[in-house]
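We will go from stop to stop, and each stop tells you what to select.

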Amino acid sequence: MKRFVFTCGDINGIGPEVVIKTLNKIYKRKDSVFTFICPRNVFELYSKITPPKFNFYYSYDINAFKNKSVNIFDLGNVKITLAKPTKSSGRISFSAIAIAANACLSNKFSAMITAPISKESFHKAGIDYPGHTELLAEMTKQKNFVMMFLSQKMKAALLTIHIPLSKVPSEITKELLSSKLETIVKSLKEDFNISNPKIAILGLNPHAGENGILGKEEINIIAPFIKSSALKKNLFGPFPADAFFANHNYKNYDLVFAMYHDQALIPFKMMNFNDGVNYTAGLPIIRTSPDHGTAFNIAGKNIASENSMLQAFHYANKISINRLYND
């Protein structure tokens with residue numbers, strides 16, 4: 001029996017709503033049981049907005065499981081301020097992540113599926129992390145990790161994550177390229193059963209530097225790395241990003257590797273805004289998340305789509321099966 005834990009995310013956003021909607025679609029699975037980490041009054045509020053179809057019980061025990069019922073792991077009553085990032089919502093979203101991650105590290109769950117958090121709420125609560133990826137990497141003591149994005153149309157991954165564009169060029173080194181791509185190849189093989197992955201590497205500069213005229217990172221670092229890498233049979237590029245996507249060249253590769261956040265996320269979200277999934281590769285635990293934010297503007301209106309959260313669960317399930325198979 002597989003066990004999955006969902007976090008509430010920022011309680012003032014759409015996280016609790018899309019989790020309930022997702023559980024409404026998967027609670028009848030005979031091979032899985034579910035825990036939802038959420039303050040009781042938040043669950044009660046959203047249950048009125050989005051009525052649960054599943055049986056549930058409140059618990060303070062992360063190990064509590066009842067057949068055919070969802071464990072609502074109670075974080076205690078909190079102040080709810082719908083549609084606004086607050087210190088309280090930042091603190092609660094952080095607590096939910098920490099509890100879920102520690103439980104997964106103790107092998108109590110097969111995977112964790114995280115609802116969206118707010119960087120502003122984290123900041124208000126004095127929590128100095130730009131997102132789930134960096135937080136979970138520190139909690140699991142992993143230095144080699146990768147932010148990856150999953151969909152049926154395209155998989156993508158990032159060399160750099162939440163840093164200003166001005167800092168990206170100095171971050172592009174052979175050492176970082178090597179560690180990130182080793183993690184990606186390992187993940188594609190073990191988590192996705194792709195035995196000989198083909199990875200397209202995008203250039204940093206317009207036209208991939210135009211042979212050094214528009215920037216030298218490609219000819220000085222990226223192209224030499226690809227040529228000399230032990231993974232060179234799996235690596236292709238560097239490609240000019242605009243032409244690569246315009247010509248739908250991503251369809252020819254198992255994954256697209258971008259130099260910075262928006263280089264991959266703009267095309268990915270254009271193709272998969274309602275069903276894309278965020279995945280942290282390289283962790284000892286499995287963590288997926290919907291590829292959208294807190295959507296404060298529609299919180300509490302019962303109009304948020306659960307498609308991305310549902311896909312996040314399905315990918316978590318597939319990865320957990322693949323890891324067991326490839327162990």
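Helices (H or I, at least four residues) and strands (E, at least two) are DSSP runs, numbered from the N terminus. This is a predicted model, where local features need pLDDT of at least 70, side-chain atom pairs count only at pLDDT 80 or more, and totals for chains, interfaces and linings use all residues. Residues are numbered from 1 along each chain as its sequence is written, and side-chain values use heavy atoms, with hydrogens and water left out.

**Stop 1: a loop residue**

Select T86. It sits in the loop between β4 and α3. Is T86 buried or exposed? Buried means under 20% relative accessible area, exposed over 50%, and partly exposed in between (1.4 Å probe, protein chains only). T86 is buried, at 16%. Now show its contacts, meaning heavy atoms within 4.5 Å. Leaving aside neighbours within four places in sequence, T86 touches N12, T81, S121 and K124.

**Stop 2: two positive phi angles**

Select N107, in the loop between α3 and β5 (111-113). Its phi is near 65°, a positive value in a residue other than glycine. N107 is exposed, with a relative accessible area of 69%. Next, pick E210, in the loop between β8 (199-202) and α8 (217-228). E210 is not glycine either, and its phi is also positive, near 50°. E210 is partly exposed, at 38% relative accessible area.

**Stop 3: a cis peptide bond**

Select G237 and P238. The peptide bond that joins them is cis, with omega about 0°. P238 belongs to strand β9 (residues 235-239).

**Stop 4: a covered helix**

Select α1, residues 15-26. This helix has 12 residues and reaches 17 Å from its first C-alpha to its last. That is close to the 16 Å expected at 1.5 Å a residue; the expected span is 1.5 Å times one less than the number of residues. How many of the residues of α1 are buried? The count is 11 of 12. Among them are V18, V19, I20 and L23. Colour what covers them: β1 (2-7), β2 (32-38), α2 (40-49), β4 (69-74) and α11 are included.

**Stop 5: the nonpolar core**

In soluble globular proteins, nonpolar side chains tend to be buried together. A nonpolar core is a set of buried Ala, Val, Leu, Ile, Met, Phe, Trp, Tyr and Cys residues joined through side-chain atoms within 4.5 Å. The largest one here has 106 residues. Select F6, F36, I184, I199 and F257, which have the most contacts inside it. Zoom in on F257. Beyond its neighbours within four places in sequence, its contacts include L158, L181, I184 and L202.

**Stop 6: the largest pocket**

A pocket is an open set of points on a 1 Å grid over the protein atoms alone, where a 1.4 Å probe fits, with protein on both sides within 12 Å along at least five of seven lines; lining residues have an atom within 4 Å of a point. Select L283, P284, I285, I286 and R323, which lie nearest the centre of the largest pocket. Its lining has 25 residues. Two or more of them come from each of α3 (87-105), α7 (174-190) and α11 (307-326). Which element gives the largest share? That is α7, with five residues.

**Stop 7: the second largest pocket**

Finish with K119, H162, N278, H292 and G293, nearest the centre of the second largest pocket. This pocket is lined by 21 residues.
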